[in-house]
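Here are my notes for you to read alongside the model.

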Amino acid sequence: MKSLCAGLLLAAALLGRAADPLAQYDVVWDSPSTNHHGSMPLGNGEVAVNAWVTAAGDLHLYLARTDAWDDYGRLVKVGKVRLQISPNPFTPGAPFRQTLSLRDATLRVEAGEGAARTRLQVWVDAHHPVVHVTLDSAAPREITAFLELWRTQQMAVATTEVSDVLMHRKDPSGRQESMLIEPDTVLENYPDGVGWYHHNRKSIGPALMAQIQGLTGFPQPDPLMHRTFGALVTAPGAQRVNDRTLRAPPATAQRFSIYVTARHPATPAEWLADADAVRRRFESTSFALHRAAHEAWWREFWERSWIRATLNTHHAAAQAEPLAPANRHPLRVGFDSGGGNRYRGELGRVSVLGQALTDAEIAALAATGPQQPLPAGARVLFTATNAVPHAVPGSTNWGWPPSFTAEAWVRPEKLPGGGARVLDKLTAGQRDGFLLDTYPGNSLRWIVGQHELTLANAVPAGQWTHIAAVADAAAGGCRLYVNGRLAASDVGAAVKDEAAYISQMYHLQRFITACAGRGNYPIKFNGSLFTVPPGPTEKDPDYRRWGPGYWWQNTRLPYLSLCTSGDFDLQQPLFRMYARDLLPLCRYRTQLYCGHAGAFYPECIMFWGAIFSETYGWTPFEQRQDKLQESGWHKYEWLCGLELGWMMMDYYEHTLDREFLQQSVLPLVREVLTFFDRHYPTNASGQLVMYPSQAAETWWRCTNAVTELSGCIALTERLLALPATLAPAADRRFWQQFRAKLPPIPLREIRGRKALAPAAFFADKRNVENPELYPVFPFRLFAFNRPNVDWALAALEHREDKGHFGWRQDDIFMAYLGLAEEARKGLAWRARHWDRNERFPAFWGPNYDWTPDQDHGGVLMKTFQAMLLQTDGPRIFLFPAWPKAWDVDFKLHAPQRTVIEGAYRNGRLVSWQITPAQRKADVVIVAP
């Protein structure tokens with residue numbers, strides 16, 4: 001944690017001084033990592049790497065591809081390579097600096113000095129499936145590459161990952177059927193290095209498509225059988241030690257190349273021939289030219305767009321926001337607001353101080369005795385020695401500081417599983433203040449508002465333990481100490497400038513998206529290509545919670561910001577799979593299951609279009625009355641086609657690519673809207689009655705769910721706004737007819753106010769989404785500039801479920817409704833919260849999904865953009881939800897091939913330019 005914070009602070013210190021403004025967002029560490037949880041991400045969009053360096057002198061590389069699907073449809077790692085450097089350049093006490101350089105997508109390590117100086121570089125070629133490792137050192141060093149594979153023999157895996165193809169499937173004896181994971185094959189006597197491959201010799205594809213889901217009449221090649229992927233490791237002058245080991249003799253300059261390739265279908269021999277051909281083509285051009293082309297691609301990528309925000313000079317000294325919500329509770333010692341959870345045992349000194357103490361100050365407190373008073377000079381709000389349970393007089397009316405520290409000497413009894421309060425200032429069971437207690441049992445827990453830290457078995461029975469807990473508003477998080485030592489923290493960094501920190505997280509997430517977004521398949525929301533084993537030791541690198549499939553509601557979130565950032569190329573895998581490859585199957589399945597024309601997209605599908613087995617169920621198609629899926633979680637959730645069409649219209653309007661409109665957008669929306677037109681009846685008034693329907697996964701029994709209804713309204717209105725020459729007359733007539741029979745957006749009354757409703761009728765709540773706000777986002781029917789915005793504001797205010805993590809979209813809703821301060825708070829909270837098991841600060845999660853959580857980062861990107869820029873038809877709104885306290889330099893994209901670049905200082909747009917120039921008349925500057 002210490003080296004991470006130092007690295008982030010070092011990057012932040014560059015703000016305003018760096019020759020390259022992007023360099024301020026680089027991640028810099030001053031020590032090697034312990035294990036795979038200290039990896040950095042690299043990639044070229046198709047091939048990706050988790051890379052980390054250890055103090056033992058090793059470079060570890062987990063290798064991944066977007067198309068490395070095994071025979072069970074799992075997206076697995078290709079494998080792992082460890083490179084051992086000898087003599088070890090990373091000796092304790094020697095200088096060490098590791099940098100993720102965003103500008104050229106390169107990991108750099110600089111270690112040692114003088115005769116021990118060493119420089120290591122790792123990067124994935126932007127144009128070729130090759131991972132490069134180069135070493136330059138003052139003294140000769142030897143590098144040995146080891147293949148460290150874990151799929152070494154056939155393994156039975158009975159556990160499932162939620163969307164696994166064998167969920168709930170039983171063999172005849174009634175036992176859970178295991179997945180039989182096949183081993184990789186190491187190449188024998190490969191003449192130019194070492195290598196391995198994984199070859200699918202069986203496939204679950206046909207079983208799902210034909211035997212269970214009734215799709216025998218739809219011709220489709222097997223998506224998994226004979227898929228082959230692997231890697232070759234080479235190095236100039238290196239010698240094979242054995243089939244798994246390649247050694248380069250001592251030299252001052254070394255270079256290893258790892259060719260990570262896949263082919264489907266292919267025999268192992270065909271895969272190897274392809275991989276060799278890739279290697280020979282690459283080696284036929286000078287390495288320097290490859291490096292130059294790589295740097296040019298990333299230079300162009302970063303020049304497309306940026307948002308570089310900082311706290312402005314008028315607000316730099318502003319007071320940090322309190323982490324603990326204000327309340328009217330007194331401060332209680334030894335019990336909760338209901339008189340329960342009473343402390344059992346002895347209490348020594350118990351204190352609350354009105355500042356965030358440092359590590360050294362807390363260590364000094366722990367060095368005192370249990371009954372000693374606090375040292376002089378401390379900013380004491382409350383202190384007592386030999387404390388007894390009581391409510392502190394007058395504490396109800398305290399003006400609570402933003403940052404504070406609670407500390408105590410405790411000698412508890414052996415406690416049961418429930419909590420025993422040490423300090424408490426909240427409503428029991430809620431998070432409207434703070435508490436420090438021993439939950440569960442003799443563990444330790446610190447809750448401050450939405451922050452929570454726990455330590456198992458931290459306060460043993462019958463002995464004195466010093467505990468301290470810090471709420472650090474300036475750093476945006478909490479810390480927990482035992483006997484003077486930091487034991488837990490959710491502080492991302494000592495963030496003095498939240499705008500600059502959010503900007504760094506925005507650029508890091510954009511980098512992660514680019515590293516995995518140019519392959520053959522869309523980004524996996526639950527970890528992308530950067531998953532690592534969940535534990536500290538090598539377990540299963542292929543594991544990811546929620547398994548191999550695609551949930552549309554999750555899959556879309558990393559893509560929603562890409563038009564505004566100008567990353568149109570990164571959208572192609574999503575459009576290719578869903579709109580081009582799967583539309584024929586969806587059309588066929590709709591006719592088969594529903595008996596009418598059109599196309600519905602199931603929420604949960606494998607990459608080749610089969611519905612998840614535990615979602616569809618294992619009753620064969622022919623034996624069903626109801627041909628739709630059995631699972632109620634998204635049985636009538638048919639948002640995918642509408643949102644996909646909406647996103648493709650965004651793409652068209654930004655690029656004005658008529659071929660894309662004609663050949664991709666119009667065929668898709670024609671089938672999707674036809675489905676809704678044919679699937680639901682009309683009432684006596686001629687209005688569509690969407691029943692049965694459901695509002696996302698939250699409300700299971702609905703009439704006219706606002707999610708699909710707002711999508712139908714928004715998409716048809718947008719299509720009707722196209723020039724008449726761009727769409728066939730028949731399509732336009734259909735859109736007009738369909739729009740005319742759509743019912744109005746459903747409303748409800750909450751405390752005397754009209755508010756958007758989840759549906760005209762809704763019941764049976766199962767999840768924690770806020771579907772009533774989908775007319776705000778993604779469908780933008782209600783926004784700060786649109787009529788009846790109060791309906792959306794009331795819905796937001798009274799939403800049942802709140803949060804700023806994972807796939808929750810509260811931040812985006814707030815931005816589109818013009819709520820600058822609320823959006824700022826939510827975004828700042830989101831930016832500071834990544835998986836604390838990981839060292840890299842943009843490895844979010846696990847949240848609802850898995851680490852690194854691409855939904856969490858996707859919402860962060862879209863929120864940041866929407867605070868700065870929104871569009872509505874031809875109009876472009878600047879700063880619709882931008883905090884006045886933030887300065888910013890920006891370059892973003894808008895519809896009609898428009899690019900806007902500008903600088904905003906102290907609440908005023910000081911300079912800007914727009915291309916094409918005539919679009920300037922469409923710009924509306926919204927005063928913060």
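**Notes on the fold and its core**

1. Let's start with who touches whom. Among contacts in the protein chain with a separation of 6 or more, 68% join residues 24 or more positions apart. Keep in mind that this is a predicted model.

2. Now the overall build. The protein chain holds 42 strands and 18 helices. Its radius of gyration is 29 Å, close to the 30 Å the globule rule gives for 928 residues, so the chain is as compact as a globular protein of that length. Along the principal axes, the C-alpha trace spans about 85 × 80 × 70 Å.

3. The accessible surface comes to about 33,000 Å², and carbon and sulfur atoms own 52% of that.

4. Next, the charges. You'll find 96 positive and 92 negative side chains, with the centres of the two sets 2 Å apart.

5. In soluble globular proteins, nonpolar side chains tend to be buried together. Here the largest nonpolar core has 218 residues, and Leu61, Leu63 and Trp882 touch the most other members. Helix H6 (residues 498-516) is the top contributor to this core, giving eleven residues.

6. Which residues does tryptophan 882 touch? Leaving out residues up to four places away in sequence, its partners include Ile307, Ala309, Phe864, Tyr904 and Pro928. Asp887 is also one of them.

7. A second, separate core has 37 residues, among them Val352, Ala384, Leu455 and Ala458.

Key: Residues numbered from 1 in each chain as written. Heavy atoms only, no water. Helix = DSSP H or I, 4+ residues; strand = E, 2+ residues; numbered from the N terminus. Rg over C-alpha atoms; globule rule 2.2 N^0.38 Å. Contact = heavy atoms within 4.5 Å. Areas by Shrake-Rupley, 256 points an atom, 1.4 Å probe, with all protein chains shown as cover. Lys, Arg positive; Asp, Glu negative; His and termini not counted. Charge placed at Lys NZ, Arg CZ, Asp CG, Glu CD. Core = buried A, V, L, I, M, F, W, Y, C linked by side-chain atoms within 4.5 Å. Buried < 20%, exposed > 50% of the residue type's maximum accessible area, 1.4 Å probe, protein only.
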